[in-house]
Amino acid sequence: MAKENFEALEKKLELRRRNAWEEWGEAETGKAFDFAEGYKRFLDRAKTERESIAEGVELAEKKGFKDLDKVKALKPGDKIYKTNKDRNLILAIIGRDVRQGFRLVMSHIDTPRIDLKVNPLYEDEDLAFFKTHYYGGIKKYHWPTIPLA
């Protein structure tokens with residue numbers, strides 16, 4: 001087989017990873033920047049988990065959701081929310097017939113920040129470091145590392 005055939009086959013089979021900025025036009029790029037600006041505003045206003053819940057309630061109320069505790073009766077199409085100790089937020093849109101089932105979408109709030117320990121500063125290899133609290137990740141004792149057989 002000629003070298004040209006190999007090069008043509010290589011181009012055909014090669015995985016070309018291109019990022020969104022190379023693929024998108026101005027409209028898609030504009031939508032991405034608009035979303036990012038809204039997300040930055042959210043992060044500015046919601047620096048902790050409780051502030052995130054308060055911001056979520058405010059956004060939900062702007063979209064027509066009402067506090068479940070203030071609603072007397074529910075009918076299909078009603079938009080309601082419920083908070084739990086300013087730590088959890090549940091949003092719901094009442095459907096036509098619960099006996100037919102329901103859709104449940106859940107999410108977790110992470111608030112990006114540096115969470116320093118009590119005495120965080122230390123030096124190693126002529127560099128200054130901070131000791132931070134670590135949250136999340138798979139630990140060696142979690143179930144994925146345990147043989148299930």
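Biologist: What volume does the largest pocket have?

Modeller: This is a predicted model, and side-chain atom pairs in it count only at pLDDT 80 or more. Helix 3, helix 4 and strand 3 each supply at least two residues of the lining of the largest pocket, and the lining comes to 34 residues. The volume of the largest pocket is about 1,500 Å³.

Biologist: Which residues of the lining lie nearest the centre of the largest pocket?

Modeller: The lining draws on helix 3, helix 4 and strand 3, each with at least two residues. Among the 34 lining residues, those nearest the centre of the pocket are Ile90, Leu91, Leu104, Val105 and Met106.

Biologist: Is valine 105 buried or exposed?

Modeller: Valine 105 belongs to the loop that runs between strand 3 and strand 4, and its C-alpha is 9.7 Å from that of alanine 92, with 13 residues of sequence separating the two. The relative accessibility of valine 105 is 79%, and because a residue over 50% is classed as exposed, valine 105 counts as exposed.

Biologist: Which elements does the protein contain, and in what order do they run from the N terminus on?

Modeller: The protein has four helices and five strands. Read from the N terminus on, the order of these elements is α-α-α-α-β-β-β-β-β.

Biologist: In what sense do strand 1 and strand 2 pair?

Modeller: An open sheet of three strands, with mixed pairing, has the order 1-2-3. Its edge strands are strand 1 (66-67) and strand 3 (88-93), each of which pairs on one side only. Lysine 66 stands opposite isoleucine 80 in strand 2, and across two bridges strand 1 and strand 2 (residues 79-84) pair in a sense that is parallel.

Biologist: Which strands does helix 4 touch where it packs on the sheet?

Modeller: The sheet in question is the open one of three strands in the order 1-2-3, with strand 1 and strand 3 as its edge strands. Helix 4 (residues 49-62) packs on this sheet in a direction that makes about 20° with that of strand 3, and the strands touched by helix 4 are strand 2 and strand 3.

Biologist: Is serine 52 buried or exposed?

Modeller: Serine 52 lies in helix 4, and, leaving aside residues up to four places away in sequence, serine 52 touches Phe42, Ala46, Ile109 and Thr111. Its relative accessibility is 5%, and because the class of buried residues takes in values under 20%, serine 52 counts as buried.

Biologist: How many residues lie between strand 4 and strand 5 in their hairpin?

Modeller: Strand 4 (residues 116-124) and strand 5 (residues 127-132) pair in the antiparallel sense over five bridges. Aspartate 124 stands opposite leucine 127 in strand 5, while glutamate 123 stands opposite alanine 128 in strand 5. In the turn, glutamate 125 has a positive phi of about 55°, and the number of residues between the two strands is two.

Biologist: What kind of aromatic pair do tryptophan 21 and phenylalanine 33 form?

Modeller: A search of the whole structure finds four aromatic pairs. In this one the distance is 5.6 Å centre to centre, with 35° between the planes, and the pair is tilted. The pair links distant parts of the chain, with tryptophan 21 in helix 2 (residues 20-23) and phenylalanine 33 in helix 3 (residues 26-45), twelve residues apart. Together with Trp24, the residues Trp21 and Phe33 form one aromatic cluster, and the kind of the pair asked about is tilted.

Biologist: Why is the pair of tyrosine 122 and phenylalanine 129 stacked?

Modeller: Tyrosine 122 is partly exposed at 34% relative accessibility, and phenylalanine 129 is partly exposed as well, with a relative accessible area of 32%. The ring centres of tyrosine 122 and phenylalanine 129 are 5.5 Å apart, and their planes are at 20°, so the pair is stacked.

Biologist: What share of the residues in the protein is buried?

Modeller: Individual residues fall into separate classes, for tryptophan 21 counts as exposed at 51% relative accessibility, whereas phenylalanine 33 is partly exposed at 48%. Over the 149 residues in the protein, the share made up by buried residues is 10%.

Key:
Residues are numbered from 1 along each chain as its sequence is written. This is a predicted model: local features need pLDDT of at least 70, side-chain atom pairs count only at pLDDT 80 or more; totals for chains, interfaces and linings use all residues. Side-chain values use heavy atoms; hydrogens and water are left out. Two strands pair if DSSP finds at least two bridges between them. Contact means heavy atoms within 4.5 Å. Axes are lines fitted to C-alpha atoms, for helices over the stretch in contact, and angles run from 0 to 180 degrees between N-to-C directions. Buried means under 20% relative accessible area, exposed over 50%, partly exposed in between (1.4 Å probe, protein chains only). Rings of Phe, Tyr and Trp (its six-membered ring) pair if their centres lie within 6.5 Å; planes under 30 degrees apart count as stacked, over 60 as edge-to-face and the rest as tilted. On a 1 Å grid over the protein atoms alone, a cavity is a set of points where a 1.4 Å probe fits but cannot get out, and a pocket is an open set with protein on both sides within 12 Å along at least five of seven lines; lining residues have an atom within 4 Å of a point. Grid points are joined across faces, edges and corners, and a volume is the space filled by probe spheres set on the points.
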